[in-house]
Amino acid sequence: MGVVHTLHFVFGIFGNATALFLFLAPIITFKRVIQNRSTEQFSGLPYVMTLLNCLLSAWYGLPFVSPNNLLVSTINGTGAVIETIYVLIFIAFAPSKEKKKISALLLLVLTVFAAVALVSMLALHGSKRKLFCGIAATIFSIIMYGSPLSIIRLVIKTKSVEFMPFFLSLFVFLCGASWFAFGLLGKDPFVAIPNGFGFGLGTVQLILYAIYCEKKGFTKKSTFDESLTTGNVKSHQEEKQSSNNNKSKLEQV
């Protein structure tokens with residue numbers, strides 16, 4: 001039993017470390033967003049869903065909700081702060097339509113978290129509180145891990161991983177694996193189930209990265225080449241039209 005408890009603690013610490021790297025991995029992406037003053041084709045959905053997951057998981061890990069899960073609470077509380085910064089930056093540089101969409105989702109996220117916290121505190125106690133908060137955290141953890149599916153579709157469609165950052169995929173894999181083991185050792189299905197899903201999804205992302213990594217930047221290059229070609233065609237047409245006009249004037253003279 002002592003070995004299991006030790007392993008449980010070790011995987012919790014490792015889970016904290018990998019989760020922190022997972023939360024910090026998008027810094028590269030947001031540096032690009034700030035430099036270009038545009039969110040380009042990056043999706044804001046994963047960051048909003050991660051924020052909600054962090055808030056609910058941090059709440060679930062508190063001692064008065066579920067015992068022996070303080071490591072879950074501390075890292076997710078930290079993650080909630082980091083993800084809030086990401087979401088605000090995304091909203092600041094997103095196109096008007098995307099800005100409204102992500103702002104509405106952020107409001108929805110805060111509303112859902114407030115509702116879960118209030119109901120669990122005012123209407124539920126003991127095991128019922130843990131069950132209610134655990135189910136809520138599990139549902140939105142799965143949604144969080146599933147949010148990059150739109151990017152996966154883009155990768156398969158364009159055969160490019162430009163908009164699926166490698167380190168984000170890597171730490172989804174490592175974080176999911178760590179907390180999956182933590183949940184199994186602690187016999188906590190509300191930790192094991194969603195993170196097992198994340199572990200599987202992270203594996204899929206790494207496989208896709210291995211397949212398409214040599215074609216990174218294909219989307220951007222294709223768009224550039226297309227616009228360049230279009231511009232050349234347009235210039236050529238204008239030049240031809242101008243030549244024809246000059247020829248007509250000469251003939252009239």
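Cysteine 54 is accordingly in no disulfide, and the nearest cysteine sulfur, which belongs to cysteine 175, is 9.0 Å away. The model is a predicted one, in which local features need pLDDT of at least 70 and side-chain atom pairs count only at pLDDT 80 or more, while totals for chains, interfaces and linings use all residues. Residues are numbered from 1 along each chain as its sequence is written, and side-chain values use heavy atoms, with hydrogens and water left out.

Stay with cysteine 54 and colour by accessibility. Cysteine 54 counts as buried because its relative accessibility is 0%, where buried means under 20% relative accessible area, exposed over 50% and partly exposed in between, with a 1.4 Å probe and protein chains only. Cysteine 133, at 2% relative accessibility, also counts as buried. Of the 253 residues of the protein, 41% count as buried.

Next, select asparagine 53, which lies in helix α3 (residues 45–60); helices (H or I, at least four residues) and strands (E, at least two) are DSSP runs, numbered from the N terminus. Asparagine 53 has 6% relative accessibility and therefore counts as buried.

Selecting residues 74–93 shows a stretch that is 100% helix and 0% strand, with its end C-alpha atoms 30 Å apart. Residues 105–125 are 86% helix and 0% strand, and the end C-alpha atoms are 30 Å apart.

Finish with helices α8 (residues 166–185) and α9 (residues 189–212), whose axes come within 7 Å and cross at roughly 150°; axes are lines fitted to C-alpha atoms, for helices over the stretch in contact, and angles run from 0 to 180 degrees between N-to-C directions. The two helices, α8 and α9, are therefore roughly antiparallel to each other, given that angles under 35 degrees count as roughly parallel, over 145 as roughly antiparallel, 65 to 115 as roughly perpendicular and the rest as oblique.

Definitions and conventions. Disulfide = S-S within 2.5 Å.
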